[in-house]
Amino acid sequence: MSLRTIKISLTAIMTILILSVPASCKKQAPSDLSAESIIPAPLTVIATGGYFTLNKNTDVYINGESEELKFIGQYIADRLKPATGFDIEVKIASGNEAPGSVILNLTGDGKILNDESYSMEITRQTVKLSAASPAGIFMGVQTLRQLLPAKIELSTLQEGPWKIPTGTISDRPEYAYRGAMLDVSRHFFAVEDVKRFVDMISFYKMNFLHLHLSDDQGWRIEIKSWPNLTIHGGSTQVGGGKGGFYTQEQYSDIVKYAQQRYVTIVPEIDMPGHTNAALASYAELNTDGKARELYTGTEVGFSTFAARKEVTYKFINDVVKEIAALTPGPYFHIGGDESHSTKKDDYIYFIEKVQEIVKSHGKTVIGWDEIATTKMTEGAVAQFWDKAANAQKAVEQGRQVLYSPAKRAYLDMQYDASTKLGLHWAAYIEVDNSYNWDPATLVPGIQKENILGVEAPLWSETITSMDDIEYMVFPRMPGIAEIGWTPSMKRDWNEYKERLAVHGERFKAMGIDYYKSKLVPWDSIK
Ligand code: TNX
């Protein structure tokens, strides 16, 4: 080969490079599905190297007779429309969908209700999401959202292209229960805030929202047979603000909104301690028969229902009955924590009686880990927050444990000593510590089969606004969601923090005010 030929071919190569580099930069063509930053990480991902593109002809096709499927179709169409500007309709699949189509394919006979597993096949032509139940389709839809550029979450028109790398994903959760808790008692949060909270957790495939509906500072759910609970007991909050409560209609609205996002509400009435708001509303619930003053401080452990009075159980039966009737989910949370003013034998007597009441209304009991010091009724679940010994006691009784270890999973714990919101009685919890643990090995003697799942509680002594909520929840909640969804063998902090960094753009697009932890390489993401 002459020098001249080499020169020409070099020039040709250079030309090709010059032409192709700007083109690929502009397109930023994603082409490796396995390198996408999905949280929680899916079980298996196989990349095929091409990409699918949403276009102006994109529609969502549903395959399977189901109102729920139609609803999910509309849900995803509504999420894709604002930023793309495409007029995306929900149509019935014919088997002959145009390139750019998204197909939601319900494979079951409609009888499988809560199967959250799904698979997704992304080709250059279509995205086909298949699952045996609508819950699985919904989970897959969250994955689909995360595969699109972060700006898909903006509510104004954005420039495309809207590409997704091709390949297949096959996914299912490790634990049945992946949840968060919101304390609406210490500070009250409006229905709209709770709905936004549901949106945030369901984006990360959490499927339970535990609402802490009563505490010393406020009773937050209307009980028609005991109206003073909310009229008086709901009238204040920590710091003396005006508090508030949900009417039964509003509570049902939250339940329905959550249900449509495959999130089950777990209502909690905390007792026999943490009950000052009720004790202020009805004198007869007190051991001495005297109504207490409303309370707006943050101490714990000073209040107790009268454990040996019949009226207490008449009251609890009425409350459980009304709330259970409004709650389609299987669980009723009876609290049971920090009852320092209840005598030990009264506590045992009380918790054992209340468990039977809950059971009589068709619900499964959950209680904080202290309830494992009593005889737990069949099916009851202990929520481990404080004492590993209590969690072990629950397992010795043949019961399951829900993991919310305060040192790891509490969203109200400060990130470090400079965090202005929150508390630190359990620990400072940076993002790595909140992510880096495995429920199946945390407590000796407790294995995976004894564990119902994980829950991240947000207590609200210091939390007063949606911005406050977001700052404490993000970025730790997505990590807890991943602990519940992704097998521990597939989890590694050093890899996770890179994925989390990519989600910073998504938080911004969703208007989420998050904590920019120095441990996460946010700024390495363009
Ligand atoms: C302990 S966690 C409590 C709550 C507080 C929380 C603050 C639990 C079952 N009890 O009453 O709000 O600490 O972090």
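**Note on a predicted structure**

1. At 2% relative accessibility, Ile-446 counts as buried. The model in which this residue sits is a predicted one. Ile-446 belongs to the loop that runs between α13 (439–442) and β17 (451–458). Its C-alpha atom is separated by 9.6 Å from that of Ala-388, although the two residues are 58 residues apart along the chain.

2. The second largest pocket deserves attention next. Its volume is about 520 Å³, and 21 residues line it. Those that lie nearest its centre are Leu-113, Asn-114, Tyr-262, Val-263 and Thr-264. Two or more lining residues come from each of the elements α3 (134–147), α6 (248–259) and β12 (264–271). Of the elements, α3 gives the most, with three residues.

3. The lining of the second largest pocket has 13 nonpolar residues, together with six polar and two charged ones. Domain 1 (33–171) and domain 2 (177–491) each supply at least three residues to this lining.

4. Helix α4 spans residues 191–203, 13 residues in all. From its first C-alpha to its last it reaches 19 Å, which is close to the 18 Å expected at 1.5 Å a residue. The buried residues of α4 are Val-191, Val-194, Lys-195, Phe-197, Val-198, Met-200, Ile-201, Ser-202 and Phe-203.

5. Just after α4, Lys-205 takes a positive phi of about 65 degrees. Lys-205 lies in the loop between α4 and β9 (208–212), and at 0% relative accessibility it counts as buried. His-274 likewise is not a glycine, yet has a positive phi of about 55 degrees. The loop between β12 and α7 holds His-274, which is buried with a relative accessible area of 2%.

6. One joins Met-271 and Pro-272, with omega about 0 degrees; Pro-272 is found in the loop between β12 and α7 (276–281). Another runs from Phe-474 to Pro-475, with omega near 10 degrees. Pro-475 is placed in the loop between α14 (466–473) and α15 (476–485).

7. Over the whole structure, a search finds 21 salt bridges. One of these pairs the side chains of Arg-178 and Glu-116, at 2.8 Å from N to O. Arg-178 lies in strand β8 (residues 177–183) and Glu-116 in the loop between β4 (101–106) and β5 (118–122), so the pair ties together parts that are 62 residues apart in sequence. Both partners fall under the 20% limit for buried residues: Arg-178 has a relative accessible area of 1%, and Glu-116 has 9% relative accessibility.

8. Glu-222 and Lys-224 meet through their side chains at 3.7 Å, N to O, and Lys-224 counts as exposed at 55% relative accessibility. Lys-387 forms a salt bridge with Asp-386, the closest N and O atoms being 3.3 Å apart. Lys-387 is partly exposed at 45% relative accessibility, and Asp-386 is partly exposed with a relative accessible area of 34%.

Conventions:
Residues numbered from 1 in each chain as written. Predicted model: local features only at pLDDT ≥ 70, side-chain atom pairs only at ≥ 80, totals over all residues. Heavy atoms only, no water. 1 Å grid on protein atoms, 1.4 Å probe; cavity = no way out; pocket = protein on both sides within 12 Å on 5 of 7 lines; lining within 4 Å. Points joined across faces, edges and corners; volume = space filled by probe spheres on them. Helix = DSSP H or I, 4+ residues; strand = E, 2+ residues; numbered from the N terminus. Nonpolar A, V, L, I, M, F, W, Y, C, P; charged D, E, K, R; others polar. Domains from an automatic or database assignment. Expected span 1.5 Å × (residues − 1). Buried < 20%, exposed > 50% of the residue type's maximum accessible area, 1.4 Å probe, protein only. Salt bridge = Lys/Arg side-chain N within 4 Å of Asp/Glu carboxyl O.
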